Amino acid sequence: MRKTLIGLLAVVALIAAACGGASLEGEEVLIFGAPATDGPDGKAIQAAMDEFSEETGIIVTYVGSENFEQEIQVQMESGDTPDIALWPQPGAVVDAAKRGMLTPLADLGIDIDEYKSNYSAYLVGLGEVDGVVYGGANAVNLKSIVWYQPAEFEKRGYAIPNTWDEMIALADQIVAEGMNPFCFGMYSNGATGWLATDWMEDIMLRTGGGTDTYDKWVNHEIPFNDPVVKNAATLLSQIMHTDNYVVGGTDAIVSTFFGDAQNPMFERDGNGNPGCFMHRQASFIVGFWPEAAQGGAGTETTVFPFPSIDASLPKAALGAGDMFGVFNDRDATAEVVKYMLSPDSFTAIATNKGGHGSTRISAHTGFDTSLYDKAITQVLAGVLNDALSANAFRFDASDLMPPEVGAGSFWKEMTNLAVEGPGYIDTALSNVENSWP
Amino acid sequence: MTREQQKWYDKPVSKLILITIALSWMFPYVGFLISSFRPGESVKRTSWWSSIGNGQLFSELTLENYYEILFAENLSRSFFNSFAVSIPSTIIPITIAAFAAYAFAFIDFRGKEVAFIFVVGMMIIPLQMSLIPLLKLMKGGAILFGVTIIPELSLNGTFVAVWFAHTGFGLPLATFLLRDFMMSLPKSVVESAKIDGASHLTTFFKLVLPLSVAGIAAFATFQFLWVYNDFLVANVFMGIKPENLVVTSHVAQLTVGNYGEEWHLRTSGAVISMIVPLIVFFTLQRFFVRGLIGGSVKG
């Protein structure tokens, strides 16, 4: 009696194994990231994953938390990790990989060469440890943009400047007509200075050896007071310290909150002129605009790419992005990773399926940018796509430099430079150089 | 009643001071409550006091913030989870602490003082410091000199892990409070029971426990409120899986938006999660005050 029962159980188990083995239906995969679960980005990621679930039967759940970075540390300590974690910066993926937490993407059946050609060698390289790829590129955002209002430009016959010289010429013309060309405010509490470092990075990408020099600068293979860097600081100083270039004057640069900096562009004086015409800031600034202006993002107020300086260099883009790391090599996890690296995983996000309202931009160079439902996202994605395809997309240098510099002396000395004027350039750069650990 | 016999808090000056303190204490909560009924745009633009000042408040009152939280998916599951965490996390430490408190109060044994100082000393250790070691313990267990003291349980992400954590964090205070309370009971009663030949177990269950109900209820209120309101311990030990969310972490998640821009929902979320503690507190208020004062004054 007993034997038959065991035999029966064994048969049932075998049948179950045979049926279950082939399909991954009902398997659960957990993704943990920084954009909160119930926010636009979190909902968008879940919407994309729901499409995948419908096709494959693998149940993918996205969970996001504003304390992601602390929580994922705790989870790694305790061993209670999700299947996939989506970090807002690649450096953290590398850290986790060095601690032996992550599975190399190649072990999940990902073709690394194909992945590199889809996402640019630079981006893939940010998630590499000793030549092994751990990080999966996901979304990117763009900092190399200048906001302007096409109607105001047209009214006065201004052309979009394609080069630095054209931008300076336009600025001089605006000053000559009695107005201010630039909005520039960099106050940001303890982080004051990052806006000026962004400017420096954009200029560095477009001068000297372009991305090569930029990478050397980030890795401290050239000193911080190298002539190339000095040249960049001089160009930045030209914007900050030329009389009447900045609305409110040079003194206002350090004291104006970065989120309020663009407000003069939306105001009109007695003659119907805006307070400023150009504002270099990343795409997130839209959220800080007055509500009436936010609806016109991409149409009434839109962007042109940061002008090139050395015409012989490819069109570069400065930005940041998310990268995911994988904690196990389950078959279901591997399927999700493959999906996340395919352009299909971004269709639901771009088309705003379910009305989540996300503005995430895919890092996949083959993604069809016309799918984005917002005008401004299409513009930004176009610039990013070109730069990624030319392998000229670079991460924010101050995020890649050691924190003593990237979140310390670089910010501080750029703030001092704004206050002290062009005579301070040498001192500023030497001070940063001396602070490099 | 002559003037001298008046209690100090009956004097007009004292009353004025007490009322001022009470009002200033309530001030932020009033603002909090008002903000929870204002639309998100207004909360971000103007302060609640200026909205009263210019009369804008009354025209803009809305329940929108409440709808967003109350009709969120799975909020009822989170309430259930909160109770599934709070009730055992209250009962387990009280049970253990009542036995310990009895021993500290009525049994003479060697090293009693040292042991008690040790228990009280535990209250000083901030729980944040022990989070990671505790996580590691619950995952991998502990092996000392090749002997397994605690097996590899992999408890993290389960309710049991949170119960254990809250029991550990709650025990020192529970033992301390209950011991003080039990020492305030009339000694003669316990002694006469002893003379009559009652064992410790009988004395505990038949005599001390019924007499300590006020103290136990006080601590139960205390512990329940703290566990229910806790965000950190639940978040750390229960993990991030949606089916494990408690009310506090669910409300936190609902009120973020992408990266924090939905913070205007925080006030209504907090009011909703506050309902349970308020009910518990007002039901058990009598015990709460008596229990705490009983231990401190008479002991």
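Contact here means heavy atoms within 4.5 Å. The model is predicted: local features need pLDDT of at least 70, side-chain atom pairs count only at pLDDT 80 or more, and totals for chains, interfaces and linings use all residues. Residues are numbered from 1 along each chain as its sequence is written, chains are lettered from A and ligands numbered from 1 in the order in which they are written, and side-chain values use heavy atoms, with hydrogens and water left out.

**Exercise 1. Describe the interface of chain B and chain A.**

Step 1. Start with the residues: 23 residues of chain B are in contact with 26 residues of chain A.

Step 2. Turn to the area. The size of an interface is often given as the accessible area lost when the parts come together. Buried area is the accessible area (1.4 Å probe) that two parts lose on being put together, summed over both. For chain B and chain A this comes to about 1,900 Å², with 55% of it on carbon and sulfur atoms.

Step 3. Look for charged pairs. A salt bridge is a side-chain nitrogen of Lys or Arg within 4 Å of a carboxyl oxygen of Asp or Glu. Two salt bridges are counted between chain B and chain A. One of them pairs B:K136 with A:E77, whose closest N and O atoms are 3.1 Å apart.

Step 4. Assign the chain B side to elements. Helices (H or I, at least four residues) and strands (E, at least two) are DSSP runs, numbered from the N terminus. On the side of chain B that touches chain A, the elements giving two or more residues are α2 (40–45), α8 (127–140), α13 (232–238) and α14 (247–254) of chain B. The largest share, four residues, comes from α8(B).

Step 5. Sort that side by class. Ala, Val, Leu, Ile, Met, Phe, Trp, Tyr, Cys and Pro count as nonpolar, Asp, Glu, Lys and Arg as charged, and the others, Gly among them, as polar. The side of chain B that touches chain A then has nine nonpolar, seven polar and seven charged residues.

**Exercise 2. Follow A:E77 to its partner within chain A.**

Step 1. Find the pair: A:E77 forms a salt bridge with A:R99, the closest N and O atoms being 3.7 Å apart.

Step 2. A:E77 lies in helix α3 of chain A and A:R99 in the loop between α4 and α5 of chain A, so the pair ties together parts that are 22 residues apart in sequence.

Step 3. Check exposure. Buried means under 20% relative accessible area, exposed over 50%, and partly exposed in between (1.4 Å probe, protein chains only). A:E77 has a relative accessible area of 31% and is partly exposed; A:R99, at 38%, also counts as partly exposed.

Step 4. In α4 (residues 90–98) of chain A, the residues A:P90, A:A92, A:V93, A:V94, A:A96 and A:A97 are buried. The buried residues of α4(A) pack against α3 (68–78), β3 (84–87), β4 (128–129), β10 (317–326) and β12 (393–395) of chain A. Just after α4(A), A:G100 takes a positive phi of about 80 degrees.

**Exercise 3. Locate the disulfide and describe its surroundings.**

Step 1. A disulfide is a pair of cysteine sulfur atoms within 2.5 Å. The structure holds one over all chains, joining A:C183 to A:C276 with S to S 2.0 Å.

Step 2. The link of A:C183 and A:C276 is left-handed, with -95 degrees about the S-S bond.

Step 3. The pair links distant parts of the chain, 93 residues apart: A:C183 is in the loop between α8 (164–176) and α9 (194–205) of chain A, and A:C276 is in the loop between α13 (263–266) and β8 (279–280) of chain A.

Step 4. A:C183 is buried at 2% relative accessible area, and A:C276 is buried at 1%.

**Exercise 4. Examine two salt bridges within helices of chain A.**

Step 1. The side chains of A:K155 and A:E152 meet in a salt bridge (3.7 Å, N to O). These residues are three apart in helix α7 (residues 150–156) of chain A, so about one helical turn separates them.

Step 2. Is each residue buried or exposed? A:K155 counts as exposed at 58% relative accessibility, whereas A:E152 is buried at 7%.

Step 3. A:K338 forms a salt bridge with A:E335, the closest N and O atoms being 3.6 Å apart. Both lie in helix α15 (residues 331–341) of chain A, three residues apart, about one turn of the helix.

Step 4. Salt bridges that share partners join A:E152, A:K155, A:R156 and A:R268 into one network.
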